[in-house]
Amino acid sequence: MAEKKHKDTLPWFPKTTPSSELQVYVRGVPFTLDMEILASKSAKVADFLKENSNVDLQHFFRNIPADADTFEHVARFCYGLNVHMSTENVVPLMCLAFYLEMTGESNLLSKAATYFEQNVIPSWNETIKAFRVAENFLGQTMHLGIFDACLDSIVEKGLADPRLLGEPIRVSTNYDDSEDGDHDSYRPNARRRLFVVDWQEDLTTLSLQLYEPTIRAMIQHGVPSEYISASICQYAQKWIFSCNDGRDNSSVYKNNSQRNVIETLERLLPHGRGLLSSTILFEMLRHAIMLEASPACRRGYEIRIGKQLDEATAEDLLIPSQGYTKELQYDIECVKRILKNFYSNTSDNSGFISVAELMEHFLAEVASDIDLRIETFVSLAEMSMAVLLAAQRNSDGIYRAIDIYLDKHRYLTEQEKEEVCKVLDCQRMSREASEHAAKNEKLPVRVMVQVLFMAQLQLRDTITKEMQSFDDKLRKEGAEEESEEKMSCGEQKLKTEMLKMSSKVMELERECHIMKKDIESGCRRHSVRKGKVSMWRELKRKFGCTSNLYDCNCQVKKKKVHPKTGV
């Protein structure tokens, strides 16, 4: 195909002297070229012609770092023909032009670099395409700065519009199942996604060798974590979840490649709570276990799950056990580590209650498994019991799971049933659960007797508390009645005193009224001083006082004395 294309282009080249023509092979494709024309554009070819023979020149072109199509564009440029540049060929053209030292103002390298800056870098879509091509010439593109130019362009555009990385994952909790959710969250319009070209290319098309430095650069430049997490989720979906059709049927190379991907994504994934749903994190953890990822990788996913375990479901905790023996169906140790991470990162009481309910549902879910071994169930029940104690809940959920397990495994002996029931704390069972257990024929006899005994103790405690409560009520009522009697006596005395005071006040008011009348009548009679007694004298007379300082007693009638004789 390449040879045919080369033959079709030969007539376009100008005729030259046969002495300067030389047939060379590039990646197995023959080219008949005029070395003088090629040397006029390439300083490296010119220097090579001065010091080497034609045989050495053929060896030089045979080992040239380019494919036949790229070299054909270089040859067309040397002959002065039109060169069609595109996003797919501009990067290899720049690399080959640099290798052949086709530098200068109007030479091939400057023209290709101008096209790259004007037509590739401004576009998100074209930059990603060129970035993928640059991976094939990684050493040269990093030396020329093409790699960094593509990386900086992608980071700059991702920082300006983070939605280019992907839509943030909407994490729905157990308490928020409505579809309304956050009205401020981004929901792209279907029409817009259909007609906007930039949505056709995303970072998931990059290889891991390009994706990792891109995400690290975006994290360093402050791209929001929710968009980083969305891109990582999309990458995992494309390169791990969707293409993993079973470990046994996969090649060693594929497993190694996917292991490298899952470990790299764990290192890139931010540690914030709620950036990805618990279901997605559990899915990543399952694949990390299945692909035998490093312990650090699995531990990283377990820590992230532990921070938001209260948002998980019972199905999420069903992690299959891996290994050659597979003595247990479920990875109990992994669940224990996740619970430990949860308790070390959570202090909210509501979170403890949610996880306690989760463990109850999880235990009931695995209890219905016919193949579940007794030791596995007991280990899970002990974990659930520890969670219930931390949340201060009763053990009804444990009893319900035991009842399901015994119903699905009716072939168990009495001793095996006692082994299953040893984790049940009868003292923490509710009254309804105790009544049900007392009539449950699936339970071993010893457990039924223990339940009846505990129920009797609970009944006795209840009666004692009721009696004590009744006595306290009676004492309280007696104290209230005594207080009311004392209060009534005090009120009666106060009322009597107030009546006495009221009567005294009324008497004083009456006396004041009489005195006021007397004063007013005395003022009216004192219009003429002579021949009449003054009001003051009248008051003194009325109260029995003398009219002057010398009269000591107004009640004794004094005898008149003659002025002369004194008798």
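Is H409 buried or exposed? H409 has a relative accessible area of 0% and is therefore buried, since the cut-off for that class is under 20%. Leaving aside residues up to four places away in sequence, H409 is in contact with A367, D369, I370 and L372.

Two charged residues, D407 and R410, form a salt bridge in which the closest N and O atoms are 2.5 Å apart. D407 is partly exposed, with a relative accessible area of 32%, and R410 is exposed, with 56%. A network of salt bridges that share partners joins E357, E360, R393 and R400.

## Overall make-up

The protein contains 24 helices and 2 strands. It has 567 residues, of which 39% are buried. Of the contacts with a separation of 6 or more, 69% are between residues 24 or more positions apart. The protein exposes about 34,200 Å², and carbon and sulfur atoms supply 53% of that area.

## Confidence of the model

The average pLDDT of the protein is 79, and 75% of the residues score at least 70. Over residues 1–13 the pLDDT stays under 50, and the model has 17 contacts beyond four places in sequence for them. Over residues 174–199 the pLDDT also stays under 50, and for this stretch the model has 32 contacts beyond four places in sequence. Where pLDDT is low, the predicted coordinates should not be read in detail.

## Nonpolar residues inside and outside

Which residues have the most contacts inside the largest nonpolar core? They are F61, F116, L203, L309, F377 and I402, in a core of 142 residues. Helix α19 (residues 374–391) gives the most to this core, with 10 residues. In soluble globular proteins, nonpolar side chains tend to be buried together.

F116 shows what such contacts look like in detail. Not counting residues up to four places away in sequence, F116 touches V90, V91, M94, I121, A130, I146, A149 and C150.

L459, I463 and M467 make a nonpolar surface patch of about 310 Å². M467 belongs to helix α23, which covers residues 445–525.

## Salt bridges across the chain

A search of the whole structure finds 18 salt bridges. Side chains of opposite charge can pair when their charged atoms come close.

| Pair | N to O distance |
|---|---|
| D310 and R273 | 3.1 Å |
| K442 and D403 | 3.2 Å |
| D407 and R410 | 2.5 Å |

The salt bridge between D310 and R273 links distant parts of the chain, 37 residues apart. D310 is in the loop between α16 (295–307) and α17 (332–345), while R273 is in the loop between α14 (252–268) and α15 (278–290). D310 counts as buried at 17% relative accessibility, whereas R273 counts as partly exposed at 44%.

The salt bridge between K442 and D403 also links distant parts of the chain, 39 residues apart. K442 is in the loop between α22 (431–438) and α23, and D403 is in helix α20. With a relative accessible area of 18%, D403 is buried.

## Residues in other loops

Where is Q392 found? Q392 is in the loop between α19 and α20. Q392 counts as exposed because its relative accessibility is 70% and the cut-off for exposed is over 50%. The C-alpha atoms of Q392 and F352 are separated by 9.2 Å, and the two residues are 40 residues apart along the chain.

Two glutamates have a positive phi. E101, in the loop between α6 (87–99) and α7 (108–120), has a phi near 60°, a positive value in a residue other than glycine. E101 is partly exposed, with a relative accessible area of 36%. E292, in the loop between α15 and α16, has a phi near 55°, likewise a positive value in a residue other than glycine. E292 is partly exposed, with a relative accessible area of 44%.

Note on methods
Residues are numbered from 1 along each chain as its sequence is written. This is a predicted model: local features need pLDDT of at least 70, side-chain atom pairs count only at pLDDT 80 or more; totals for chains, interfaces and linings use all residues. Side-chain values use heavy atoms; hydrogens and water are left out. A nonpolar core is a set of buried Ala, Val, Leu, Ile, Met, Phe, Trp, Tyr and Cys residues joined through side-chain atoms within 4.5 Å. Buried means under 20% relative accessible area, exposed over 50%, partly exposed in between (1.4 Å probe, protein chains only). Helices (H or I, at least four residues) and strands (E, at least two) are DSSP runs, numbered from the N terminus. Contact means heavy atoms within 4.5 Å. Patches are made of residues with over 30% relative accessible area and no salt bridge: like charges are joined within 9 Å, nonpolar side chains (Val, Leu, Ile, Met, Phe, Trp, Tyr) within 5 Å. Accessible areas come from the Shrake-Rupley method with a 1.4 Å probe; for residues, only the protein chains shown count as cover. A salt bridge is a side-chain nitrogen of Lys or Arg within 4 Å of a carboxyl oxygen of Asp or Glu. pLDDT is the predictor's confidence in each residue, from 0 to 100.
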